[in-house]
Amino acid sequence: MLPDKQTLRRRFLAERAAQAEQIRQEVSREITERLLQSTFYRRAGCVFCYVSTREEIDTVPLLARMLADGKVLCVPKCGAHGSMTARRIHTLEALQPGAFGIPEPPDTAEQVPAGRIDLIVAPALACDRAGCRLGYGGGYYDRFMKHCRAVSVALCDDSRLVDQLPTTPFDQKCRYIITERQVLHPDEE
């Protein structure tokens, strides 16, 4: 029997917190390179990407590269009742502390419709080989991805890639899982 999501969250948060900063940075660099080399990244004109917190896979260099590559870059703006919108930014300096202490764009940032997004880059505490991701329990990305046809990608440390995670009908799978060692495409496995 699979452990429940809360038990797994506690376990993976503790593992992530115990990871040496140097290892976290190296894992982040390798994952960033794998994403940047992917066909789905190169084809995407409009990207929706999370802004990382200190212990997550670091997306700050990735966000800077997306802007340098001329992508239309959107980042999350969290709202009430688990809602999230995609807001366009033109510089990283536009980000300011927002919900949960996560950097967000200002309220005045342009909202980009979900149908315009080509690629979603989602955070993950853990992922499984079927494309399921374990988030933080708020359901923000699941709600957002449910209404978006974009290619979805989860960034995950290979040490937190498991065979199976518990899921609910509400959970949205990602088309790709990128770790520092591999790019998984669960639909093709």
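This is a predicted model: local features need pLDDT of at least 70, side-chain atom pairs count only at pLDDT 80 or more; totals for chains, interfaces and linings use all residues.
Residues are numbered from 1 along each chain as its sequence is written, and side-chain values use heavy atoms, with hydrogens and water left out.

Let us begin with the eight-stranded sheet. It is open, its pairing is mixed, and its strands follow the order β6-β3-β2-β1-β7-β10-β12-β13. Here strands (E, at least two residues) and helices (H or I, at least four residues) are DSSP runs numbered from the N terminus, and two strands pair if DSSP finds at least two bridges between them. At the edges sit β6 (111-112) and β13 (183-184), each of which pairs on one side only. Helix α2 (residues 21-36) packs on this sheet, where it touches β7 (119-123), β10 (151-155), β12 (176-178) and β13; contact means heavy atoms within 4.5 Å. The direction of α2 makes about 140° with that of β12, given that axes are lines fitted to C-alpha atoms, for helices over the stretch in contact, and angles run from 0 to 180 degrees between N-to-C directions.

Strand β2 (residues 72-78) pairs with β3 (residues 84-89) in the antiparallel sense, over six bridges. Valine 75 has arginine 87 in β3 as its bridge partner, and proline 76 has alanine 86. The two strands form a hairpin with five residues between them, and histidine 81 in the turn has a positive phi of about 55°. On to β6: this strand and β3 are antiparallel, with two bridges, and alanine 86 stands opposite valine 112 in β6. Five of the six residues of β3 are buried, where buried means under 20% relative accessible area, exposed over 50%, and partly exposed in between (1.4 Å probe, protein chains only).

Further along the sheet order comes β7, whose five residues are all buried. In a regular strand the side chains alternate between the two faces of the sheet. In β7 both faces are covered, with Leu119, Val121 and Pro123 on one side and Ile120 and Ala122 on the other. Strand β1 (residues 46-49) pairs with β7 in the parallel sense over three bridges, and valine 47 has leucine 119 as its bridge partner. The pairing of β7 with β10 is also parallel, over five bridges, with isoleucine 120 opposite serine 152.

Back to our opening pair. A second open sheet has three strands in the order β9-β8-β11, again with mixed pairing. Its edge strands are β9 (133-134) and β11 (161-162), each pairing on one side only.

What about the cysteines? The structure holds zero disulfides, a disulfide being a pair of cysteine sulfur atoms within 2.5 Å. For cysteine 49, the nearest cysteine sulfur is that of cysteine 74, 10 Å away. Cysteine 49 is also buried, at a relative accessible area of 0%.

Finally, the open spaces. The largest pocket holds about 540 Å³, and 27 residues line it, with Tyr136, Gly137, Gly138, Tyr140 and Tyr141 nearest its centre. At least two lining residues come from each of α1 (5-18), β2, β5 (103-104), β9 and α5 (140-146). On a 1 Å grid over the protein atoms alone, a pocket is an open set of points with protein on both sides within 12 Å along at least five of seven lines, a cavity is a set where a 1.4 Å probe fits but cannot get out, and lining residues have an atom within 4 Å of a point. Grid points are joined across faces, edges and corners, and a volume is the space filled by probe spheres set on the points. There is one cavity of 30 Å³ or more. The largest cavity has a volume of about 50 Å³, and its lining includes Arg16, Tyr50, Glu56, Tyr136 and Arg160.
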